Amino acid sequence: MAMPSSLLWAVDIFGRVYTLSTVGQYWDLCKDTQLEFKRVSAVKQCCWGLACDHQVYTYVFSGDVPIRYQEETYENQRWNPVGGFCEKLLPSDRWQWSDVSGLKHQQLDSFTLPSPHWEWESDWYVDENIGGEPTEKGGWTYAIDFPSTYTKDKKWNSCVRRRRWIRYRRYKSRDVWAKIVSHDDSDRLPDPFNDISVGGWEISDEPLGRLSVWAVSLQGRVWYRENVCHHNPEGSMWSSIPTPGEVVQISCGPYDLLWATLWEGQAIVREGIDRNNPQGISWSIVESPSSENGIMHVSVGVDVVWCVTKDRKVWFRRGVNSYNPCGTSWIEMVGEMMMVTVGLNNQVWAIGCDDRAIYFRQGVTPSELSGKTWKAIVSGRESDRSQTGSSTSLLSAGCFFTDDIQNQTNAIIQGDADTSSDTELPSVPMNLANTPPVGATANSPGNGTGSQTAELRANLALDSDQGEATVPSNNNEKANLEMHRSKSPNPSAELQWTNIDLKEAQKHPVLSVSTFAETSSLSSLGMFSAGAEEQYGADEHPLWAWVSGGGCLVDLHSPLKWFTVPSDLSSSVQSLSLSITPAQTAAWRKQIFQQLSERTKRELENFRHYEQAIEQSVWVKTGTLQWWRNWKPHKWMDVRVALEQFTGSDGMRDSILFIYYMYHEEKKYIHVFLNEVTIIVEVLNEAKHSFALYTPERTKQRWPICLAASTEQEMHDWLSLLNMSCCESRRIQGPPSHHAIWSVTCKGDIFVSEPSPELEAGPHLMPCDQMFWRQVGGHLRLIECNNRGIVWGIGYDHTAWVYTGGYGGGFIQGLASSADNIYTQSDVKCVYIYENQRWNPVTGYSSRGLPTDRYMWSDASGLQECTKVNTKPPSPQWSWVSDWYIDFNTSGGTDREGWQYAADFPASYHGHKTMKDFVRRRRWARKCKIVTNGPWLEVPPVTLWDISIIPSSDADDEEVVALWAISDKGDVLCRLGVTQQNPAGTSWLHVGTDQPFISISVGAFYQVWAIARDGSAFYRGSVSQKKPAGDCWYHIPSPQKQKLKQVSVGRTSVFVLDKNGNLWYRQGITPSYPQGSTWDHVSNNIRKMSVGPLDQVWVIADKVQGSHSLSCGTVCHRTGVQPMEPKGLSWDYGIGGGWEHVTVRGNATEASRVSVHESSEENPAVSKDLEDEESKGKTEQSKTPLMVNDSQESDRNAINC
């Protein structure tokens, strides 16, 4: 599965709703067949439909994560001298039962389900958590008076108290059409609806999953559905939107585009749509492209508009964007259509005017939004598969029991492949062209004036720019095996594909090309009786009335199966059309063999010199690169590079890299033995194709050798060669072992290292700066594994990926990469810049700052100028996929325009203006995308934030492995069916929580710990193999005044990390009391941490001092971890900086343990000078924070994040 599936929705003329998957080949009929629909409008998570009774229905997809909504109310009490706290309140007080503000009366029995599609999940219960801390039993919080600041502790002056009651309701009508029940007043009820459109999910993500649902009534009025979001898929009420005229049809895009058509034939465009006003402000009128024929139908996408006029002509609108939603001018496209629909990525579908077939617009790219050609979708319906089998058997019977196959064979070989194909169409079966199809004719949606007989000769004649005809290819959607069909006494085969383009560019009539559109349409073969033809031809071609692509994501890198013959029929058709006579078959095979022999000779000719190279003892590769020089001023300088690879007497290869440079007009060089190189890593540089080489000595210095190539391809060639040479010199090949340590850089590159038994314990500890790391293809944000070889990762776009067992990928090709288990992988992340302003008495806030201020457009630190124009993607491998937009999800909150306020730069920012705020900033974001490949398969459909896999024992391979995760919405999930043979598992099991979570970890013996978004810790009780989800959460108090952000559980140890970078260890954990007792501080300056199955501790540390520079994002190993000293003694520094994540959850490689004193004496690298000065006066030896001077700036030449 190279890409996740999404759905194209369509309605046939009988009102039946079908879906077609982007990875499928058949139309699936919707489950609810009792309803007949007129129109549907789909998005990724749901579909809204308009039934023939003019009622609105919504179809919400089922998922592993339920749709839950938390109802809450507060119970308020006041203290009096007689009875203490009681329900009697003062007349000026709030209600006894109220909302959080106290202004709304909310009794428990006043809450009702909003519609029959909801059900209560539980009864009311008291929330015993406040601000991440557990309250006393009863959940009461105390204050002096209403309203005030509430605390969990009762004081002498606490006169009032309150507690929160919670109840959850769950949306149950999923995978069915749920009728939208209107609670509006009878006099405000909308008229029966005529059209509906859903979009706007990219305008804002607050609330989560917010959608804009627009509808048009029969009276021509426009209505907007309020409050449609993930937690309220039905919305709340309809609001009427005034329009300048009577509206016929409406279309809403994923962003802020909204167009509608008027009865008079004009289009109206909604302006002023944004996150604060999703309904928009005003309408603008756009005239029809044709004065004689008005606009009949319009459809919008991200930044495109298509329309169909009343004469069925198709038009494309130029110059449409968020700043100019009206566009500039119309372009006429060749073709006559009933309607068009624009989906994700601005892809376009349409319904033909004459044949009612669905067409897909090919060639739509970000640089060519109008596309190139229309191509018909020939997918069959799922219900036709049984007919297909019968038809195939009849086809075979006709093939074997008729005397003259040639007279009954009317199949066509029509190739429209690219000119790059080098397989010519054999000349032997060309006599097929002498037999014209039985009444085969073609109608073009772009030329509906008539039809013409299409002989095979005409169909095999190609346009001058089309190249040579090619044999059908299984993996090329443009090389299809096609057939004629006939369905009436005067048969007419509708055109299923035609070369439609811009009308201005069309200089000659398009050839009519006949195809068959349906697997069961075999009547044109002329071998059925009248009864058989009637049986299979009655409903062979579905006639479509409506299509919606709003939830259909077509990946330009993956072929679709919509345009090819279904596999259960194609083999029979090929055998019928190609295996004509034994003589023709023999000639066919002979010509193919000759072509393959010629290609083999031609390709082997390029590799003749390889044999000679293998015999040589020394092999040299030279080139010109740039080197970041050692002396000041540091800058890039041109150098000549030579890689000498030699073969020793034992047959092993080793290599030396020479770098020749000029120093004061004197030629010098430095050399590196590749068997000493510990890692070769790409460097995050927006202007250079650069990479770094580390050795143990340079890791200690935090000063690697940095090289840069002139092109991306040249850099990847060097990286691939150097990586392969390093692996050869260390005799490393094949996939990583189950005990491997995985890590991810801040760039998203994935590295793996094979651990030595001396890494954790032994008489001679191995320093972790000597570990060798090799790259694995792909791009991830974090990665987790266990010692059974199960590895999962999460991308920056929160997509989950599972490891396939391969190796290599990315730029690593050839022998250094596995031939299979490598798949395409993509990732999307945001680049942020800040707009800064200062207040002055004359103009207010403006972009004129003080001379000492930061740049008015800068990065988060304010030290580097970053404007919209000069800000590039993180590296040349990334490409922009969106425009700049204001980010409202900045920490600290924002106002309606995205601004954050503060007293000065830099300071603590907040989302509201006060009298003391003299500066403000707002964050702009832009999405960029990378496409690569590696040994990873996507695990749809839930997007994840965190993940954890249990460290397994050496049990049976079939044993189910516990895997827990946090969705990007904060839901806790448990993966079912995860085994060593099926690492992806089968489905998600939702585990209920009272609040969103951000981190989870499952340790040995099914110890499950988690961190909530408010920084509190939880322990899940009674988790076992038979009860994988456990039974309840136990709230664990956090370290005093600290909000936690990550937890990791090993065999017996539990470590947590707070938001200030402090590492804490949980004391007192025993089998009888798994929650533990107290927190002990271990270290500071920690970014991420991982606790392994042997309770080993590895972290990503910030501010690690080297001999040359200071680095951020360094892999560090906690040494001295013993059963009696679980917190360890000191830190050993490894590779870095620039690292973002590390996991040692798979390293269960045990070694003989020695005493702490012996190991520390024999490894002087683990020294006491790592201790922070803050630990002075502390007697506990385990408190050894990472030592840096906070006032020292990190060296800008180091490879940092």
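Strand β52 (residues 800-803) pairs with β60 in the antiparallel sense over three bridges. Two strands count as paired if DSSP finds at least two bridges between them. Strands (E, at least two residues) and helices (H or I, at least four) are DSSP runs, numbered from the N terminus. This is a predicted model, in which local features need pLDDT of at least 70 and side-chain atom pairs count only at pLDDT 80 or more, whereas totals for chains, interfaces and linings use all residues. Residues are numbered from 1 along each chain as its sequence is written, and side-chain values use heavy atoms, with hydrogens and water left out.

**View 1. An open sheet of four strands contains β60.**
The order of the strands is β50-β51-β52-β60, and the pairing is antiparallel. The edges are β50 (782-785) and β60 (936-938); each has a single partner strand, so one side of each lacks a neighbour in the sheet. On average, neighbouring strands of this sheet are turned by 25 degrees against each other, direction ignored; the axes are lines fitted to C-alpha atoms, for helices over the stretch in contact, and angles run from 0 to 180 degrees between N-to-C directions.

**View 2. Strand β59 is largely enclosed by the rest of the structure.**
Buried means under 20% relative accessible area, exposed means over 50%, and partly exposed lies in between (1.4 Å probe, protein chains only). In a regular strand the side chains alternate between the two faces of the sheet.

**View 3. Strand β59 has antiparallel pairings with β53, β56, β57 and β58.**
Strand β53 (residues 823-840) is joined to β59 by 16 bridges, and Val831 has Arg926 of β59 as its bridge partner. Strand β58 (residues 899-902) is joined to β59 by four bridges; here Tyr901 stands opposite Arg920. Three bridges link β57 (residues 885-887) to β59, with Trp924 of β59 as the bridge partner of Ile886. Two bridges link β56 (residues 879-880) to β59, and Ser879 stands opposite Lys929.

**View 4. Thr932 lies in strand β59.**
Which residues does Thr932 touch, not counting those up to four places away in sequence? They are Gly778, His779, Gly810, Tyr823, Thr824 and Gln825, where contact means heavy atoms within 4.5 Å. Thr932 and Gln877 are 55 residues apart along the chain, and their C-alpha atoms are separated by 9.0 Å.

**View 5. Ile13, Phe14 and Leu543 make a nonpolar surface patch.**
The patch covers about 260 Å². Patches are made of residues with over 30% relative accessible area and no salt bridge; like charges are joined within 9 Å, and nonpolar side chains (Val, Leu, Ile, Met, Phe, Trp, Tyr) within 5 Å. A salt bridge is a side-chain nitrogen of Lys or Arg within 4 Å of a carboxyl oxygen of Asp or Glu. Accessible areas come from the Shrake-Rupley method with a 1.4 Å probe; for residues, only the protein chains shown count as cover. Ile13 is placed in the loop between β1 (7-12) and β2 (17-21), and its relative accessibility of 40% makes it partly exposed.

**Setting of the views. The chain has 10 helices and 79 strands.**
Of its 1201 residues, 55% count as buried.
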